[in-house]
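Open the model in your viewer and keep the selection tool ready. The stops below are meant to be taken in order.

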Amino acid sequence: MRKKNSGLRLRVSSFLFFFLCSFFTFAQVTSAIDSTSIKIGEQITYSIQVETDSTKLVVFPEGQTFSPLEMIESYKVDTLKNNDKFNLIKKYGLTQFDSGSYTIPRQKIIIGDKTVFTDSLKVEVHNIVVDTTKQGLYDIKPIIEVDKSGSNWWKYVLLTLLIISIIGFLIYWFIWRKKPLSEEEQIALLPPYDRAKLALKKLDESHYLEHENFKDYYSELTFIIRKYLDEKVYDRALESTTDELISRLNLLKDGNQVDISKDDIKKLESILKRADLVKFAKSAPDVELAKLDRNTIDIEIDNVKEALPEPTEEEKLLDIKYKEEQERKKKRKKVMVTIAIGVFLLMATFVGFGLKYGFSYVKDTIIGHESKELLEGNWVTSAYGFPPINISTPKVLKRVEVPMTEEEKSNVSVSAFSYGTLLDFFSVTVSTTVLNNAGENNIDLEKVSENSLKGFEAKGAKDIVVLRDKFTTPNGAEGLKTSGTLKIPSLTSEKLQSGNYTMLQFASNSVLQQIIITSAENDTYGDQMVERILNSVELKEAEE
């Protein structure tokens, strides 16, 4: 009997030995938490230990795979050597901000070409109990204004003002500024008589006679008298030959238009012909004769001046009007140049920003666009309803009353928040409906979607195109997405306007949560707003 018992114990011991050896051979992965009961917001440490050799690659879970708990930190892997094996220890910091009983799901670890799962673990999250008998109670603090975060708009304003100032200064400096006159411009403003006298003085200061350069000397001398005669006596004196000019002076003398003597005309003829010989026949007169001719021209200028009749009041008035007209022409020219420069700069700026940001964007920035202003405004992130729907919108959604009968109010409770309406160019509506006497999983989302579309039709929508697909929020909540196009009445005309719509429906037990967004068709800013709103949607379960 003892032999049988001893044999049995031997077989059992052998079985247990081989069982434990087999268990430790295949149980390469273990997981644990440092506490199974925490308070709201308290951190627990979740550990995964893997025993393997150095030839196998181990991949630990990453990201929010511990939902409903939130991972707040992922620590580096610790490595311990145990004979020919390695122990890899990976730790995570987890927490939860809602009380309740939660289960950390199984985690997937890849070891070489095999996939291993850890066990699921339960965690209790408790509320923080506050003893109100010992905790002082105080009145609600008044609302205080909070300064908005600073922005760099003033820098852009200063830069714009600086650029405008520089452009304005350059336009003033090169166009409108009364520039100091050069010597030539000052001489040009002198009366013809003073100009001729000054030209003779400059001729005296030249060195033509010292170098016996009679050709240039007589060219300038005859130009002085011809120019004076051209301005005061005969307006073609510069282009006429000597014979033509003398003939014209005699005609004016005979017609009593110019009181110049025959002797003065002969002296002018003699000097002009001598100048022709010097210029064309290369004649070389005596230096003293050249000086005498210069003095004769000086005297003849005085004689011509005295022979000319005094200008009448009408001529003086015409002269003043002429000068005023010239000033107006100069001012008009400056204005036209300034406008041309301004238009060019505006076009260059528009083209430059258009090439960088797009011409439609620049046009909408200058003219204004309602959707663009909403998109680039200060967005608001808030929670609406209960259970809450967290969503970011361009404007705060305001609570709206949903008309219901007393019977409907006894069966359901609805909280709705919206911005805009179906008839506006953009609208957002968020609603939460709680069925008071409903069982579990009895909400048909497709039927809800159909009823919402019938609501569109009741408001005048037509030609509704429907596309349905599954939708998952960033925090993992699954629902139904219904989107498409429709035609709705316009507030400004009798014609129907085309638009887009997007509806999200989520159901959890007896709770229905909906988000409805409408926007104008072919509105890029509206499409960007819709995408931004959809990416911001997060659903939270109600606290138990």
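Are Tyr46 and Phe66 buried or exposed? Select them: both Tyr46 and Phe66 are buried (buried is under 20% relative accessible area, exposed over 50%, partly exposed in between, with a 1.4 Å probe and protein chains only). This is a predicted model, in which local features need pLDDT of at least 70 and side-chain atom pairs count only at pLDDT 80 or more, while totals for chains, interfaces and linings use all residues. Residues are numbered from 1 along each chain as its sequence is written, and side-chain values use heavy atoms, leaving out hydrogens and water.

Next, select Tyr384 and Phe417, which are both buried.

Now move to helix α13, residues 445-458 (helices are DSSP runs of H or I with at least four residues, strands runs of E with at least two, numbered from the N terminus). Its buried residues are Leu445, Val448, Ser449, Ser452, Leu453 and Phe456. Viewed down the axis of α13, they fall within an arc of 140°, so they line one face of the helix (the arc is that of the directions from the helix axis to the C-beta atoms). Turn to the face pointing away from the buried side to find the exposed residues Lys447, Lys454 and Ala458. Just after α13, select Gly460, which takes a positive phi of about 105°.

Finish with two arginines. Arg106 lies over the face of Phe117, 4.7 Å from the ring centre, and Arg532 lies over the face of Trp379, at 4.0 Å. A charge sits over a ring if NZ of Lys or CZ of Arg is within 6 Å of the ring centre and within 35 degrees of the ring normal.

Conventions. The expected span of a helix is 1.5 Å times one less than its number of residues.
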